[in-house]
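Please open the model in your viewer and keep the selection panel at hand. The tour below goes from one selection to the next and says what is found at each stop.

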Amino acid sequence: MAQVYTVSPKQKRSFFSGMKVNTILILINVILFIIFSILISTKVISIDFISLKPSNVLNGNYLWTFLTSMFMHANFFHLFVNMFSLFFIGSLVERIIGRRRYFWFYILSGIFAGLVYSLFAYFLGSSIIGARIFGSPDTLAVGASGAIFGLAGLLAVLIPKKKVYLIAGPLIAIIFQSIFNVIFPSSSFANILDLLVTVYIFFAIFSMLSFNNQTRKISVPIEMPFWLLPIVAIVPLVIIGLFVELPIGNTAHLGGFLFGLGYGFYLKFKYKNKTKMISKFFS
């Protein structure tokens, strides 16, 4: 007699249930970037409807932009760089803390980063120097980097001794371009420099995937323990921002990083044995 097997509701799996949360987040980022870009370019909605503006949210308007701004990016290049970082850092965090916890941690990190950015920009960004460092109350902010720094902050606590690489080349290129634009604000070379920097950053990022050590040096990789990575990625840029306006949301990065540190110490306190094992495993 042939046996008949039935699938209970609990055994049924959706398409997304077999995917990593990190992969789903990357797909959502890409899809929403395309949708938001089309809606804004066709003037179906205004950019204030998607992007985070401190003067809006701290006056009780467009509060949903704390969330939508996390999934919008300034351009394709901005999206690419953030998703490249999220692919590696997010995958590691999901392996350590699990699917559900990772999803909510990512979302809350991004929201908290946006809140910190808004508070600094609104209350301290009125002066010229303040606007350079914190952004002005009317400066728009978009991107996943605040949430990504939250992931980095968490890993800095859970696996502080694990060696990672900071890809310094792109940061140096962006800083050089910003300084050049300040010194030569109306230079005809500015557009060419922008293209050269963009091309270099793409090559620098992809060079890290090479098996050839000489090729990887194009990106100027600097090896360091995980606990040092977020600090090195934030502090120098804040100092440089005193003199040159950079297209980087340092206070959002700081906010995400602090949220990650806080959650990391919470996990270390609550799950002492497990976090010790994780730290030793990745040492």
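Begin with helices H5 and H7, which are oblique to each other, a word kept for angles that are not under 35 degrees (roughly parallel), not over 145 (roughly antiparallel) and not from 65 to 115 (roughly perpendicular). Select residues 99-124 for H5 and residues 145-158 for H7, and you will have two helices that pack at an angle of about 120° with their axes 7 Å apart. The axes are lines fitted to C-alpha atoms, for helices over the stretch in contact, and the angles run from 0 to 180 degrees between N-to-C directions. Helices (H or I, at least four residues) and strands (E, at least two) are DSSP runs numbered from the N terminus.

Before going further, please note that this is a predicted model, in which local features need pLDDT of at least 70 and side-chain atom pairs count only at pLDDT 80 or more, while totals for chains, interfaces and linings use all residues. Residues are numbered from 1 along each chain as its sequence is written, and side-chain values use heavy atoms, with hydrogens and water left out.

Staying with this pair, show the side chains of Tyr-102, Phe-105, Tyr-106, Ser-109, Gly-110 and Ala-113 in H5, which meet Gly-146, Ala-147, Gly-150, Leu-151 and Leu-154 in H7; contact here means heavy atoms within 4.5 Å. The residues of this contact divide into seven nonpolar, four polar and no charged, where Ala, Val, Leu, Ile, Met, Phe, Trp, Tyr, Cys and Pro count as nonpolar, Asp, Glu, Lys and Arg as charged, and the others, Gly among them, as polar.

Next, select Tyr-106 by itself and display what surrounds this residue. Not counting residues up to four places away in sequence, Tyr-106 touches Leu-25, Asn-29, Met-70, Phe-71, Leu-86, Ala-144, Ala-147 and Leu-151. Tyr-106 is also one of the residues with the most contacts inside the largest nonpolar core, together with Ile-97 and Tyr-102, and that core has 38 residues. A nonpolar core is a set of buried Ala, Val, Leu, Ile, Met, Phe, Trp, Tyr and Cys residues joined through side-chain atoms within 4.5 Å, and buried means under 20% relative accessible area, exposed over 50% and partly exposed in between (1.4 Å probe, protein chains only). The elements that give two or more residues to this core are helix H1 (21-41), helix H4 (76-97), H5, H7, strand S1 (163-167) and helix H12 (250-270). H4 supplies the largest share of the core, eight residues.

Phe-36 lies in helix H1 and counts as buried, at 10% relative accessibility. Leaving aside its neighbours within four places in sequence, Phe-36 is in contact with Ile-50, Thr-68, Phe-71 and Met-72. Leu-79, found in helix H4, is buried as well, with a relative accessible area of 4%. Leu-79 touches Asn-29, Val-30, Phe-33 and His-73, not counting residues up to four places away in sequence.

Then move to helix H8 (residues 168-183) and helix H9 (residues 190-207), whose axes come within 9 Å and cross at roughly 170°, so H8 and H9 are roughly antiparallel to each other. Among the residues that meet here are Ala-173 and Phe-180 in H8 and Leu-193 and Val-197 in H9. By class, the contact of H8 with H9 has eleven nonpolar, three polar and one charged residues.

Lys-43, by contrast, has a positive phi, near 65°, and is found in the loop between H1 and helix H2 (54-57), where Lys-43 is exposed, with a relative accessible area of 76%. Val-220 also has a positive phi, near 55°, and its place is in the loop between helix H10 (213-216) and strand S2 (221-225); Val-220 is partly exposed, with a relative accessible area of 35%.
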